[in-house]
Amino acid sequence: MKVLVIAETKQGKVKKATLELLGAASAFGAEAHVLLAGAGVAGEVETLARHGATKVYLADDDALAMYVTSPFAALAAEAFQKSGAELVLFADSEVGKDLAPRVAAKLNLPFVPGATEIRPEAGKVLAKRTSIAGKIMETIDAPLPAILSVKAGAFEVKETGGAAETETLAVPTADLRAIIREVLKETSERVDLGDARIVVAGGRSVRGPEGAKLIEDFADVLGAAVGASRAACDSGYFPHACQVGQTGRTVAPDVYIAVGISGAIQHTAGMTGSKIIVAINTDPDAPIFSIADFGIVADLFTVLPLLTEEFKRLKAGNTVAV
Ligand SMILES: Cc1cc2nc3c(=O)[nH]c(=O)nc-3n(C[C@H](O)[C@H](O)[C@H](O)COP(=O)(O)OP(=O)(O)OC[C@H]3O[C@@H](n4cnc5c(N)ncnc54)[C@H](O)[C@@H]3O)c2cc1C
């Protein structure tokens with residue numbers, strides 16, 4: 001079977017989510033082709049090859065420096081036609097959520113969003129996904145060729161080695177109808193939520209900028225990304241780009257530290273794929289503890305400064321103070 005992976009990049013580097021899609025292709029023994037579009041991204045062909053890509057359709061041009069739907073959709077459609085792939089995989093990210101349905105409509109193919117398990121069979125693919133904010137699991141049976149978007153953390157990143165052939169695609173100038181001239185403000189200079197190995201997330205209980213700063217300081221000492229509950233974002237304590245959950249980002253880091261977050265199903269829908277979940281909450285009966293691997297029943301205003309100091313000490317090579 002042949003799979004086409006639609007790559008995403010940030011600052012010229014392929015995102016972890018794309019490498020997970022290559023991990024998916026290798027998990028079901030498929031030949032992986034990749035569309036790599038952006039500006040200054042050609043150097044990433046080698047990274048893709050190392051993770052199993054055998055062919056890369058490359059569109060490297062300044063006009064593609066920022067994601068805009070039409071040219072990327074045209075390139076994805078062209079790469080699909082050229083590759084002869086039976087399955088097209090997108091990350092279930094902001095870009096994937098925008099692009100995958102557009103490409104599906106363009107190619108008149110079935111589309112299954114947010115797959116967590118994929119099983120290709122003769123002439124069809126079975127895709128498992130959650131529905132109703134994680135309350136039910138459903139398996140969608142889609143005829144091939146099909147388009148799937150895949151949740152973060154559903155597949156492991158695997159280095160398989162190897163080389164990839166490159167085919168250059170021309171920039172679809174007719175589709176460059178909208179051009180982003182300037183991004184006034186990056187949402188964060190920290191590691192991207194989707195790529196982070198550790199996420200420290202704050203809830204409504206941070207109560208204001210001082211509490212939010214405790215979360216940020218702890219995240220910085222760990223080299224972590226900052227996440228938040230919707231209640232915390234709606235209260236203005238964190239930017240909306242930090243929101244994790246059903247109507248926010250889906251993350252699957254190695255460690256997710258939920259601080260003062262109750263564990264509502266709409267929040268946990270976005271982070272249950274995390275390998276280790278740590279919860280800090282004053283209420284020992286908070287639902288978050290039922291999915292946590294480690295729990296600290298404590299006031300965040302007391303425990304976070306202590307943890308931040310201890311990790312600073314550890315990083316400086318000193319032993320933990322007792
Ligand atoms: C359609 C829909 C979509 C939604 N989408 C999302 C989504 O994507 N993401 C999301 O997060 N939510 C979402 N929600 C909201 C969700 O239902 C919850 O309301 C929200 O997650 C609660 O946020 P919270 O845990 O920060 O706040 P709360 O529920 O108020 O919980 C605060 C927690 O902090 C603890 N606490 C209080 N003080 C301290 C302290 N000093 N130290 C430590 N712990 C303390 C409390 O014991 C409590 O457990 C959605 C809701 C709807 C209806």
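Helix 6 (230-234), helix 7 (265-268), strand 15 (276-281) and helix 8 (300-315) each contribute at least two residues to the shell around the ligand; helices (H or I, at least four residues) and strands (E, at least two) are DSSP runs, numbered from the N terminus. The structure is a predicted model, in which local features need pLDDT of at least 70 and side-chain atom pairs count only at pLDDT 80 or more, while totals for chains, interfaces and linings use all residues. Residues are numbered from 1 along each chain as its sequence is written.

The ligand is surrounded by 28 residues, of which the closest are G203, S229, R230, G245 and H267; a residue is near a molecule or strand if its C-beta atom, placed from the backbone, lies within 6 Å of it. Helix 6 supplies the largest share of this shell, 3 residues. By class, the shell consists of 9 nonpolar, 15 polar and 4 charged residues (Ala, Val, Leu, Ile, Met, Phe, Trp, Tyr, Cys and Pro count as nonpolar, Asp, Glu, Lys and Arg as charged, and the others, Gly among them, as polar).

Strands of a sheet pair through backbone hydrogen bonds, either parallel or antiparallel. An open sheet with parallel pairing is formed by 5 strands in the order 13-12-14-15-16; two strands pair if DSSP finds at least two bridges between them. Strand 13 (225-228) and strand 16 (294-297) each have a single partner strand and stand at the edges, so one side of each is left without a neighbour in the sheet. From one strand to the next, the twist averages 20° (axes are lines fitted to C-alpha atoms, for helices over the stretch in contact, and angles run from 0 to 180 degrees between N-to-C directions). Strand 12 (residues 198-202) is joined to strand 13 in the parallel sense over 4 bridges, and G202 has A228 of strand 13 as its bridge partner. Helix 5 (residues 209-222) lies across strand 12, strand 13 and strand 14 (255-259), and runs at about 175° to strand 12.

The domain assignment divides the protein into domain 1 (2-175) and domain 2 (198-315); such bounds come from an automatic or database domain assignment. The contact between them takes 9 residues from domain 1 and 9 residues from domain 2, where two residues are in contact if their C-beta atoms, placed from the backbone, lie within 7 Å.

Strand 8 (residues 124-131) and strand 9 (residues 136-143) run antiparallel and are joined by 8 bridges. Within this pairing, R129 has E138 of strand 9 as its bridge partner.
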